[in-house]
Amino acid sequence: MTRLPGPVGVIAGGLSHERDVSLASGRVLAGELRDQGLDVQLLDFDTALVDRLRGGDLAVAFPALHGRGGEDGEIQSLLELLGMPFVGSSSSSCRLTWDKTVARTVLERAGVPVPSALSFSAQTFRDVGPGHLMPIVLERLGADLVVKPTESGSALGISAVHDAPSLSEALVTCFAYGDAALIEEFVHGIDVSVAVVAPDGEPRALEPVSVAFDAGHEMDYAGRYSPELMSVQSPAGLPAGTLDALKEMALTAHRELGLRDLSRSDFKVRDDGTFVLLETAITPGLTETSLFRIACTTSGHPLGEVARDLVVTAVSRQRPAE
(Lines give C-alpha, C1' and ligand atoms only; values in the text may rest on other atoms or scores of the structure.)
Protein backbone atom coordinates (compact mmCIF):
# COMPACT_ATOMS: atom_id res chain seq x y z
CA MET A 1 0.00 0.00 0.00
CA THR A 2 1.31 3.44 -0.98
CA ARG A 3 1.84 5.84 1.93
CA LEU A 4 1.41 9.57 1.40
CA PRO A 5 1.82 12.43 3.89
CA GLY A 6 -1.88 13.29 3.46
CA PRO A 7 -4.99 12.73 1.33
CA VAL A 8 -5.23 13.14 -2.43
CA GLY A 9 -7.50 16.01 -3.46
CA VAL A 10 -9.35 15.04 -6.64
CA ILE A 11 -10.71 18.27 -8.14
CA ALA A 12 -13.74 17.95 -10.42
CA GLY A 13 -16.85 19.82 -11.47
CA GLY A 14 -16.36 23.50 -12.16
CA LEU A 15 -18.72 25.66 -14.19
CA SER A 16 -17.68 24.89 -17.77
CA HIS A 17 -19.93 23.22 -20.35
CA GLU A 18 -18.15 19.97 -19.42
CA ARG A 19 -19.09 19.99 -15.73
CA ASP A 20 -21.08 16.74 -15.88
CA VAL A 21 -18.25 14.86 -17.59
CA SER A 22 -15.78 16.27 -15.09
CA LEU A 23 -17.89 15.15 -12.15
CA ALA A 24 -18.10 11.66 -13.64
CA SER A 25 -14.32 11.56 -14.18
CA GLY A 26 -13.76 12.75 -10.61
CA ARG A 27 -16.01 10.08 -9.12
CA VAL A 28 -14.31 7.31 -11.11
CA LEU A 29 -10.82 8.58 -10.30
CA ALA A 30 -11.58 8.94 -6.59
CA GLY A 31 -12.95 5.39 -6.49
CA GLU A 32 -9.94 3.96 -8.32
CA LEU A 33 -7.50 5.69 -5.97
CA ARG A 34 -9.41 4.51 -2.90
CA ASP A 35 -9.23 0.97 -4.26
CA GLN A 36 -5.46 1.43 -4.26
CA GLY A 37 -5.57 2.20 -0.54
CA LEU A 38 -5.27 5.97 -0.79
CA ASP A 39 -7.18 8.52 1.26
CA VAL A 40 -9.10 10.74 -1.18
CA GLN A 41 -11.09 13.94 -0.85
CA LEU A 42 -13.34 14.85 -3.78
CA LEU A 43 -13.35 18.64 -4.24
CA ASP A 44 -15.40 20.91 -6.49
CA PHE A 45 -13.85 23.83 -8.34
CA ASP A 46 -15.80 26.48 -6.44
CA THR A 47 -15.38 29.30 -3.92
CA ALA A 48 -14.53 26.86 -1.12
CA LEU A 49 -11.65 25.27 -3.03
CA VAL A 50 -8.83 27.58 -1.93
CA ASP A 51 -9.65 27.12 1.75
CA ARG A 52 -9.75 23.34 1.24
CA LEU A 53 -6.39 23.40 -0.52
CA ARG A 54 -4.82 25.68 2.12
CA GLY A 55 -6.13 23.58 4.97
CA GLY A 56 -2.77 21.89 5.20
CA ASP A 57 -3.83 18.24 5.16
CA LEU A 58 -3.73 17.47 1.42
CA ALA A 59 -0.55 15.89 0.08
CA VAL A 60 -1.28 16.37 -3.61
CA ALA A 61 -4.01 17.48 -6.00
CA PHE A 62 -5.26 15.51 -9.01
CA PRO A 63 -7.34 17.78 -11.30
CA ALA A 64 -10.07 15.93 -13.19
CA LEU A 65 -11.47 19.15 -14.58
CA HIS A 66 -12.45 19.29 -18.24
CA GLY A 67 -12.99 22.41 -20.28
CA ARG A 68 -12.42 26.00 -19.25
CA GLY A 69 -10.92 26.36 -15.79
CA GLY A 70 -9.45 22.86 -15.93
CA GLU A 71 -7.55 22.57 -19.20
CA ASP A 72 -6.75 26.20 -19.95
CA GLY A 73 -4.14 26.53 -17.21
CA GLU A 74 -6.39 28.16 -14.58
CA ILE A 75 -6.51 25.42 -11.93
CA GLN A 76 -2.86 24.68 -12.62
CA SER A 77 -1.92 28.34 -12.04
CA LEU A 78 -3.81 28.28 -8.76
CA LEU A 79 -2.08 25.11 -7.60
CA GLU A 80 1.32 26.52 -8.58
CA LEU A 81 0.52 29.72 -6.68
CA LEU A 82 -0.35 27.70 -3.58
CA GLY A 83 2.74 25.51 -3.90
CA MET A 84 0.55 22.39 -4.05
CA PRO A 85 2.02 19.36 -5.87
CA PHE A 86 -0.39 18.18 -8.55
CA VAL A 87 -0.78 15.57 -11.26
CA GLY A 88 -0.77 16.87 -14.81
CA SER A 89 0.84 19.48 -16.99
CA SER A 90 2.07 22.92 -15.97
CA SER A 91 -0.11 25.98 -16.45
CA SER A 92 2.01 27.23 -19.36
CA SER A 93 1.76 23.92 -21.23
CA CYS A 94 -1.98 23.79 -20.62
CA ARG A 95 -2.46 27.28 -22.04
CA LEU A 96 -0.47 26.31 -25.13
CA THR A 97 -2.41 23.11 -25.75
CA TRP A 98 -5.84 24.46 -24.84
CA ASP A 99 -6.01 26.64 -27.95
CA LYS A 100 -6.33 24.16 -30.82
CA THR A 101 -5.09 26.63 -33.43
CA VAL A 102 -1.91 27.35 -31.47
CA ALA A 103 -1.31 23.70 -30.60
CA ARG A 104 -1.70 22.52 -34.19
CA THR A 105 0.82 25.15 -35.33
CA VAL A 106 3.36 23.85 -32.82
CA LEU A 107 2.73 20.25 -33.86
CA GLU A 108 2.82 20.96 -37.58
CA ARG A 109 6.20 22.66 -37.20
CA ALA A 110 7.42 19.54 -35.37
CA GLY A 111 6.45 17.34 -38.32
CA VAL A 112 3.19 16.00 -36.90
CA PRO A 113 0.61 15.53 -39.70
CA VAL A 114 -2.56 17.55 -39.08
CA PRO A 115 -5.63 18.25 -41.26
CA SER A 116 -5.69 21.31 -43.48
CA ALA A 117 -7.55 24.02 -41.60
CA LEU A 118 -8.30 27.67 -41.04
CA SER A 119 -9.87 29.59 -38.19
CA PHE A 120 -11.66 32.85 -37.53
CA SER A 121 -13.58 34.54 -34.75
CA ALA A 122 -17.26 35.04 -34.17
CA GLN A 123 -16.66 38.77 -34.60
CA THR A 124 -15.25 38.24 -38.11
CA PHE A 125 -18.16 35.93 -38.93
CA ARG A 126 -20.58 38.71 -37.99
CA ASP A 127 -18.66 41.62 -39.49
CA VAL A 128 -17.75 40.06 -42.84
CA GLY A 129 -20.91 38.01 -43.16
CA PRO A 130 -21.39 34.31 -43.93
CA GLY A 131 -22.29 35.03 -47.53
CA HIS A 132 -18.76 36.27 -48.17
CA LEU A 133 -16.87 33.83 -45.94
CA MET A 134 -18.50 30.53 -46.87
CA PRO A 135 -17.42 30.42 -50.55
CA ILE A 136 -13.82 31.16 -49.56
CA VAL A 137 -13.80 28.40 -46.95
CA LEU A 138 -15.30 25.85 -49.34
CA GLU A 139 -12.86 26.82 -52.09
CA ARG A 140 -9.89 26.53 -49.73
CA LEU A 141 -10.75 23.31 -47.86
CA GLY A 142 -13.37 21.54 -49.99
CA ALA A 143 -16.96 20.62 -49.27
CA ASP A 144 -16.41 18.02 -46.52
CA LEU A 145 -15.49 19.84 -43.32
CA VAL A 146 -15.45 19.65 -39.53
CA VAL A 147 -16.21 22.74 -37.46
CA LYS A 148 -15.15 22.87 -33.82
CA PRO A 149 -14.55 25.51 -31.13
CA THR A 150 -10.87 26.35 -30.75
CA GLU A 151 -11.23 26.02 -26.98
CA SER A 152 -13.53 23.18 -25.93
CA GLY A 153 -13.78 19.41 -25.60
CA SER A 154 -16.14 16.44 -25.10
CA ALA A 155 -17.39 16.89 -28.69
CA LEU A 156 -19.30 20.02 -27.64
CA GLY A 157 -19.99 22.42 -30.49
CA ILE A 158 -18.54 20.12 -33.16
CA SER A 159 -20.32 19.54 -36.48
CA ALA A 160 -19.58 17.79 -39.76
CA VAL A 161 -20.71 19.82 -42.79
CA HIS A 162 -20.92 19.21 -46.52
CA ASP A 163 -22.23 22.45 -48.05
CA ALA A 164 -22.41 26.21 -47.51
CA PRO A 165 -25.79 26.36 -45.70
CA SER A 166 -24.81 23.66 -43.19
CA LEU A 167 -21.42 25.33 -42.72
CA SER A 168 -23.09 28.55 -41.63
CA GLU A 169 -25.34 26.64 -39.21
CA ALA A 170 -22.35 24.74 -37.82
CA LEU A 171 -20.51 27.98 -37.13
CA VAL A 172 -23.48 29.40 -35.23
CA THR A 173 -23.51 26.22 -33.11
CA CYS A 174 -19.75 26.40 -32.61
CA PHE A 175 -19.84 30.01 -31.42
CA ALA A 176 -22.25 29.03 -28.66
CA TYR A 177 -19.26 27.30 -27.03
CA GLY A 178 -16.49 29.77 -27.78
CA ASP A 179 -15.46 32.94 -29.56
CA ALA A 180 -13.43 31.29 -32.31
CA ALA A 181 -13.90 28.38 -34.70
CA LEU A 182 -11.44 25.94 -36.22
CA ILE A 183 -12.57 24.62 -39.60
CA GLU A 184 -10.77 21.47 -40.77
CA GLU A 185 -10.94 19.29 -43.83
CA PHE A 186 -12.98 16.17 -43.08
CA VAL A 187 -10.59 13.21 -43.01
CA HIS A 188 -12.21 9.86 -43.74
CA GLY A 189 -10.88 6.94 -41.74
CA ILE A 190 -10.79 5.15 -38.40
CA ASP A 191 -10.86 7.07 -35.12
CA VAL A 192 -7.88 6.01 -32.99
CA SER A 193 -6.73 7.38 -29.65
CA VAL A 194 -3.32 6.93 -28.03
CA ALA A 195 -2.83 7.55 -24.32
CA VAL A 196 0.55 8.68 -22.99
CA VAL A 197 1.50 8.23 -19.33
CA ALA A 198 4.66 9.00 -17.40
CA PRO A 199 4.31 7.35 -13.97
CA ASP A 200 8.08 7.51 -13.46
CA GLY A 201 8.60 10.80 -15.28
CA GLU A 202 9.43 9.17 -18.63
CA PRO A 203 6.51 9.32 -21.12
CA ARG A 204 5.43 6.10 -22.80
CA ALA A 205 2.58 5.47 -25.20
CA LEU A 206 -0.04 2.86 -24.38
CA GLU A 207 -1.69 0.59 -26.92
CA PRO A 208 -3.81 2.54 -29.46
CA VAL A 209 -7.58 2.17 -29.13
CA SER A 210 -9.97 2.47 -32.07
CA VAL A 211 -13.60 3.46 -31.72
CA ALA A 212 -16.58 3.48 -34.06
CA PHE A 213 -19.79 5.37 -33.31
CA ASP A 214 -23.32 4.57 -34.40
CA ALA A 215 -24.54 6.48 -37.44
CA GLY A 216 -25.53 10.00 -36.50
CA HIS A 217 -23.43 10.02 -33.33
CA GLU A 218 -19.94 10.25 -34.82
CA MET A 219 -19.35 13.75 -33.48
CA ASP A 220 -21.87 14.33 -30.74
CA TYR A 221 -21.74 14.36 -26.96
CA ALA A 222 -24.04 11.34 -26.57
CA GLY A 223 -21.80 9.19 -28.75
CA ARG A 224 -18.83 9.85 -26.48
CA TYR A 225 -20.55 8.89 -23.24
CA SER A 226 -23.14 6.24 -24.14
CA PRO A 227 -21.68 2.71 -24.31
CA GLU A 228 -24.55 1.53 -26.51
CA LEU A 229 -23.61 4.07 -29.19
CA MET A 230 -19.93 3.15 -29.52
CA SER A 231 -17.84 0.12 -30.41
CA VAL A 232 -14.28 -0.03 -29.08
CA GLN A 233 -11.41 -2.20 -30.27
CA SER A 234 -8.40 -2.37 -27.99
CA PRO A 235 -5.74 -2.60 -29.17
CA ALA A 236 -6.79 -1.03 -32.45
CA GLY A 237 -6.99 -3.56 -35.28
CA LEU A 238 -4.26 -2.02 -37.42
CA PRO A 239 -0.92 -3.30 -38.77
CA ALA A 240 1.94 -3.28 -36.27
CA GLY A 241 3.81 -0.64 -38.25
CA THR A 242 0.86 1.74 -38.14
CA LEU A 243 0.36 1.17 -34.42
CA ASP A 244 4.02 1.93 -33.74
CA ALA A 245 3.87 5.10 -35.85
CA LEU A 246 0.78 6.29 -33.98
CA LYS A 247 2.43 5.69 -30.63
CA GLU A 248 5.55 7.57 -31.68
CA MET A 249 3.49 10.49 -32.96
CA ALA A 250 1.52 10.66 -29.69
CA LEU A 251 4.80 10.82 -27.80
CA THR A 252 6.03 13.57 -30.13
CA ALA A 253 2.87 15.59 -29.48
CA HIS A 254 3.17 15.07 -25.72
CA ARG A 255 6.77 16.29 -25.72
CA GLU A 256 6.41 19.15 -28.21
CA LEU A 257 3.50 20.61 -26.25
CA GLY A 258 5.50 20.30 -23.03
CA LEU A 259 2.93 18.04 -21.37
CA ARG A 260 3.52 16.09 -18.19
CA ASP A 261 2.19 12.92 -16.56
CA LEU A 262 -0.66 12.08 -18.95
CA SER A 263 -2.30 13.02 -22.23
CA ARG A 264 -4.41 11.50 -25.00
CA SER A 265 -3.93 12.14 -28.71
CA ASP A 266 -6.75 11.50 -31.17
CA PHE A 267 -6.06 10.48 -34.76
CA LYS A 268 -7.84 9.68 -38.00
CA VAL A 269 -6.24 6.74 -39.80
CA ARG A 270 -6.96 6.48 -43.51
CA ASP A 271 -7.40 3.22 -45.42
CA ASP A 272 -3.84 3.46 -46.75
CA GLY A 273 -2.38 3.63 -43.23
CA THR A 274 -1.55 7.34 -43.30
CA PHE A 275 -3.01 9.45 -40.51
CA VAL A 276 -3.49 12.92 -39.08
CA LEU A 277 -3.56 14.07 -35.48
CA LEU A 278 -6.84 15.81 -34.66
CA GLU A 279 -6.01 17.08 -31.18
CA THR A 280 -4.26 16.26 -27.91
CA ALA A 281 -6.20 16.27 -24.64
CA ILE A 282 -4.54 17.76 -21.58
CA THR A 283 -6.89 16.10 -19.08
CA PRO A 284 -8.25 12.91 -20.68
CA GLY A 285 -11.68 11.75 -19.62
CA LEU A 286 -11.67 9.04 -16.95
CA THR A 287 -15.29 7.88 -17.12
CA GLU A 288 -16.44 4.30 -17.72
CA THR A 289 -16.47 4.88 -21.50
CA SER A 290 -13.26 6.92 -21.70
CA LEU A 291 -10.64 5.63 -24.11
CA PHE A 292 -7.83 6.61 -21.74
CA ARG A 293 -9.16 4.21 -19.13
CA ILE A 294 -9.60 1.44 -21.72
CA ALA A 295 -6.03 1.97 -22.98
CA CYS A 296 -4.67 1.60 -19.44
CA THR A 297 -6.47 -1.71 -18.96
CA THR A 298 -5.39 -3.08 -22.35
CA SER A 299 -1.79 -2.18 -21.66
CA GLY A 300 -1.82 -4.21 -18.45
CA HIS A 301 -1.91 -1.27 -16.05
CA PRO A 302 -5.46 -0.50 -14.81
CA LEU A 303 -6.41 3.13 -14.28
CA GLY A 304 -6.11 2.86 -10.50
CA GLU A 305 -2.50 1.69 -10.69
CA VAL A 306 -1.58 4.37 -13.24
CA ALA A 307 -3.28 7.10 -11.21
CA ARG A 308 -1.58 5.93 -7.99
CA ASP A 309 1.84 6.02 -9.63
CA LEU A 310 1.18 9.49 -11.07
CA VAL A 311 0.22 10.72 -7.61
CA VAL A 312 3.46 9.37 -6.13
CA THR A 313 5.44 10.99 -8.97
CA ALA A 314 3.72 14.35 -8.40
CA VAL A 315 4.48 14.27 -4.66
CA SER A 316 8.13 13.45 -5.32
CA ARG A 317 8.59 16.39 -7.71
CA GLN A 318 10.29 19.50 -6.43
CA ARG A 319 7.64 21.74 -4.93
CA PRO A 320 7.44 25.21 -6.48
CA ALA A 321 9.17 27.96 -4.52
CA GLU A 322 6.85 29.54 -1.99
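Okay, housekeeping. It's a predicted model, so local features need pLDDT of at least 70, side-chain atom pairs count only at pLDDT 80 or more, and totals for chains, interfaces and linings use all residues. Residues are numbered from 1 along each chain as its sequence is written, and side-chain values use heavy atoms, with hydrogens and water left out.

Let's take lysine 148 and glutamate 184: their closest N and O atoms are 3.3 Å apart. Lysine 148 is in strand 5 (145–149) and glutamate 184 in strand 7 (180–185), so this bridge ties together parts 36 residues apart in sequence.

Buried or exposed? Lysine 148 is buried, at 4% relative accessibility, and glutamate 184 is buried too, at 2%. The cut-offs, with a 1.4 Å probe and protein chains only: buried is under 20% relative accessible area, exposed over 50%, partly exposed in between.

Next, arginine 317 and aspartate 261, at 2.9 Å, N to O. Arginine 317 sits in the segment after helix 12 (303–316), and aspartate 261 in the loop between helix 10 (240–256) and strand 12 (262–269), 56 residues apart. Here arginine 317 is partly exposed at 23%, while aspartate 261 is buried at 2%.

Last pair: arginine 264 with aspartate 266, 2.8 Å between the closest N and O atoms, both buried. And there's a network: salt bridges with shared partners join Arg104, Lys148, Glu184 and Glu279.

Technical notes
A salt bridge is a side-chain nitrogen of Lys or Arg within 4 Å of a carboxyl oxygen of Asp or Glu. Helices (H or I, at least four residues) and strands (E, at least two) are DSSP runs, numbered from the N terminus.
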